[in-house]
Number of protein chains: 2
Amino acid sequence: MENVKTVFDLPVIESDAPERQDAARNRERILCAARRLFDERGAGCVSMDDVAEAAGVGKGTLFRRFGSRASLAAAVLSERERAFQEAVIRGEPPLGPGAPPAERLIAFGEAMLDTLEAHSELLLAAETGPARYTHPAYAVHRLHVTLLLAEAQPGCDAELLADSLLSALGAELFVYLRRVREMPLERLKDGWRALVLRSVPATEQPQPA
Amino acid sequence: MENVKTVFDLPVIESDAPERQDAARNRERILCAARRLFDERGAGCVSMDDVAEAAGVGKGTLFRRFGSRASLAAAVLSERERAFQEAVIRGEPPLGPGAPPAERLIAFGEAMLDTLEAHSELLLAAETGPARYTHPAYAVHRLHVTLLLAEAQPGCDAELLADSLLSALGAELFVYLRRVREMPLERLKDGWRALVLRSVPATEQPQPA
DNA sequence: TCACTATCCGGACTTCGGTCCGTTTCGTCT
DNA sequence: AGACGAAACGGACCGAAGTCCGGATAGTGA
């Protein structure tokens, strides 16, 4: 995992040719406008037409660059996501390499919960539809969790368990627990910790290596 | 739990007055048409206009009875849901009362997975938007799981753990695992079993009572 | 039987995500 | 510089969920 490059957002598969100048300019305009609007009004109150207009760009252009609303939200989050991946792959323990897998899993979930707390609306927008599971960022999270689980508990179905655990960090559930059920953030973190410690033997020691 | 009445669908909060005759007739027509169309074409290919037309009813009426598409899908599923609740509350072990809590949790998840396998599209439609967590059926599932967890493991945060475990049975994740990742149903069941056994000490014995 | 009213009906309308396609612009090759 | 093809632009257009409100109707009380 530590040799993996961070994975950026790939809103639309760009084959190989470099981006044309106007395209790059418009992408920047759009991202800038979207960031501003989402920030001002909350992601829920911003339509794609709003973004297009604020960016001074046609709607077709908006959808050509970012294939969907969910994808645009993800792109706006990509900078943060990039930093997060960096911290996970090359950062300090316990989030980064060096700590025992259970510790790292706990730190991972806590970091995710902090991100959710700070950007729940945006993450909610980014997870609507089938977007969540097909997004490259999710693939990275899954891979990370899968590897940690496999390390902590060889023999378990780490692939599947990773998805199951990650589902507990979904934005929809988070918003529900936080806003409707009004659970404090700390409680969610404790819950995650307990969940991980149940899934992984706490008796694990720091990997020798 | 065993004394709780089954909870039916409450698509729209009807205060107390009994339903007017034409209203009841139209509800029936709508449900009938929806059931048929969903069955014929798959839930994804049926618009609300389609349902309204097939039911011989205006669109306004459709939305007056069932507040949203998700709610309509849930209503169509309500009969099955009712039977499921019955089996959980008063049926045979291990799904019904009598088996140790871990066993019942496993059986519960397996039954949910079977339902998902049979009606994934409909469940997917029923879970779009914030619908899932606010639906009465979800409240019943959560209560059931919460009580079993509390019984199996006093002292744990059963409320939260219930939601976390249930998130692993969400329709969106299911469809993704099943169709995109192409995991066999049995693997998902095994995964659920493992998840439950990790969350609950397997050393638990049938409740003394 | 006949008002009378609360409830319900229905379809036109709005909003919004997403698509299409004729037009424009960029970069390149001569 | 001029021409040419690929790529990008933009806004009209579409389908579908959900809202609104003027008109119809079922139950009620006299």
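Helices (H or I, at least four residues) and strands (E, at least two) are DSSP runs, numbered from the N terminus.

**Entry 1: ground rules.** I am working with a predicted model, in which local features need pLDDT of at least 70, side-chain atom pairs count only at pLDDT 80 or more, and totals for chains, interfaces and linings use all residues. Residues are numbered from 1 along each chain as its sequence is written, while chains are lettered from A and ligands numbered from 1 in the order in which they are written.

**Entry 2: chain A.** I looked up the secondary structure and found ten helices and zero strands in chain A. Along the sequence, the pattern reads α-α-α-α-α-α-α-α-α-α. I then checked burial (buried: 20 or more other C-beta atoms, placed from the backbone, within 10 Å of the residue's own). Of the 209 residues in chain A, 38% are buried. Next came contacts (C-beta atoms, placed from the backbone, within 7 Å). Taking contacts in chain A between residues at least 6 apart in sequence, I noted that 73% join residues at least 24 apart.

**Entry 3: chain B against chain A.** I found 22 residues of chain B in contact with 22 residues of chain A. On the chain B side, helix 8 (158-167), helix 9 (171-180) and helix 10 (185-199) each supply at least two residues. Helix 10 of chain B gives the largest share, seven residues. I sorted residues by class: Ala, Val, Leu, Ile, Met, Phe, Trp, Tyr, Cys and Pro are nonpolar, Asp, Glu, Lys and Arg are charged, and the others, Gly among them, are polar. The side of chain B that touches chain A has twelve nonpolar, five polar and five charged residues.

**Entry 4: two helices of chain B.** I looked at helix 5 (residues 101-126) and helix 7 (residues 136-152) of chain B, whose axes come within 9 Å and cross at roughly 155°. Axes are lines fitted to C-alpha atoms over the stretch in contact, with angles from 0 to 180 degrees between N-to-C directions. Helix 5 and helix 7 of chain B are therefore roughly antiparallel (angles over 145 degrees). Residues making the contact include B:Leu105 and B:Phe108 of helix 5 and B:Val145 and B:Leu148 of helix 7. By class, this contact has seven nonpolar, one polar and two charged residues.

**Entry 5: DNA strand D.** I listed the residues near the strand (C-beta atom, placed from the backbone, within 6 Å of it). Of the 23 residues around DNA strand D, A:Gly58, A:Gly60, B:Gln21, B:Met48 and B:Gly60 come nearest. Helix 3 of chain A gives the most to this surface, with four residues. The surface divides into five nonpolar, eight polar and ten charged residues.

How values were computed: Angles under 35 degrees count as roughly parallel, over 145 as roughly antiparallel, 65 to 115 as roughly perpendicular and the rest as oblique. Two residues are in contact if their C-beta atoms, placed from the backbone, lie within 7 Å. A residue is buried if 20 or more other C-beta atoms lie within 10 Å of its own, exposed if 12 or fewer, and partly exposed in between; C-beta atoms are placed from the backbone.
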